[in-house]
Amino acid sequence: MVWKKVYEAFRAAVVAGRLLRVTGRIERDGQVTHLIAERIEDLSARLSTIGHQLRIGAESERAGETVRPTRTAGRARHPREQAKKLFPSRDFH
């Protein structure tokens, strides 16, 4: 659920975003569960990384250091192309 005040605060993300992160609280009443949105973030820029595996480079590590995972090289593609690859068509004609 997105209350009007929250929607207005994060309107740009809600309207323009293709991939959203909604943070909030969960309310349960019997079998009904609601996520009450408190924050909405536009993560559309991360769509180009879907389907790419993370690579951790052990060759560049020094003793006592923690290296953040790096993304493997790959071309950024249109999200529609990625969706076709991740979710193949079920058309049977």
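## Overall layout

The protein has three helices and four strands, and along the sequence they come in the order α-α-β-β-β-β-α. Here helices (H or I, at least four residues) and strands (E, at least two) are DSSP runs, numbered from the N terminus. Keep in mind that this is a predicted model: local features need pLDDT of at least 70, side-chain atom pairs count only at pLDDT 80 or more, and totals for chains, interfaces and linings use all residues. Residues are numbered from 1 along each chain as its sequence is written, and side-chain values use heavy atoms, with hydrogens and water left out.

Of the 93 residues, 12% are buried, where buried means under 20% relative accessible area, exposed over 50%, and partly exposed in between (1.4 Å probe, protein chains only).

Strands β1 (residues 20-29) and β2 (residues 32-42) run antiparallel and are joined by 10 bridges; two strands pair if DSSP finds at least two bridges between them. D29 has V32 in β2 as its bridge partner. Two residues sit between the strands, and G30 in this hairpin takes a positive phi near 70°.

## Salt bridges

Side chains of opposite charge can pair when their charged atoms come close. There are four salt bridges in the structure, each one a side-chain nitrogen of Lys or Arg within 4 Å of a carboxyl oxygen of Asp or Glu.

R25 pairs with E38, with the closest N and O atoms 3.2 Å apart. That pair links distant parts of the chain, since R25 is in β1 and E38 is in β2, 13 residues apart. R25 also meets E27 in a salt bridge (3.3 Å, N to O). R25 is partly exposed at 39% relative accessibility, and so is E38 at 44%.
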